Amino acid sequence: SDDMSISLNSSTHEYEDSTKSDQEATGISVSYTMGSLSLKANHNTIDNLAGVSTTDRSGYALTLGFTF
């Protein structure tokens with residue numbers, strides 16, 4: 001059987017200290033399964049890490065799996 005799943009998430013951390021920027025995070029993930037084969041991917045970003053406006057991060061992953 002075939003299955004597909006898509007997820008989207010986001011969050012904001014608001015600092016009480018006005019000298020810090022709000023930290024914002026966004027992520028998306030996709031998964032597709034066909035029989036014993038699965039393909040998964042995700043991408044995540046964080047802006048203003050720890051309230052620092054010049055500190056942004058991102059990452060991704062791609063996974064291919066077989067089940068016997």
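Me: How much accessible surface does the protein chain have, and what share belongs to carbon and sulfur atoms?
Reply: About 5,300 Å², with 53% belonging to carbon and sulfur atoms. Areas come from the Shrake-Rupley method with a 1.4 Å probe; for residues, only the protein chains shown count as cover. This is a predicted model: local features need pLDDT of at least 70, side-chain atom pairs count only at pLDDT 80 or more, and totals for chains, interfaces and linings use all residues. Side-chain values use heavy atoms, without hydrogens and water, and residues are numbered from 1 along each chain as its sequence is written.

Me: What percentage of residues count as buried?
Reply: 12% of the 68 residues. Buried means under 20% relative accessible area, exposed over 50%, partly exposed in between (1.4 Å probe, protein chains only).

Me: Which residues make the nonpolar surface patch?
Reply: Met4, Ile6, Leu8, Ile28, Val30, Tyr32, Met34, Leu39, Leu62, Leu64, Phe66 and Phe68, over about 1,400 Å². Patch residues have over 30% relative accessible area and no salt bridge; nonpolar side chains (Val, Leu, Ile, Met, Phe, Trp, Tyr) are joined within 5 Å, like charges within 9 Å. A salt bridge is a Lys or Arg side-chain nitrogen within 4 Å of an Asp or Glu carboxyl oxygen.

Me: Which element gives the largest share?
Reply: S2, with 4 residues. Strands (E, at least two residues) and helices (H or I, at least four) are DSSP runs, numbered from the N terminus.

Me: And Met4, buried or exposed?
Reply: Exposed, because its relative accessibility is 58%. Met4 lies in strand S1.

Me: What's the overall pattern?
Reply: β-β-β-β along the sequence, with 0 helices and 4 strands.

Me: What does the C-alpha trace span?
Reply: About 55 × 15 × 15 Å along its principal axes.
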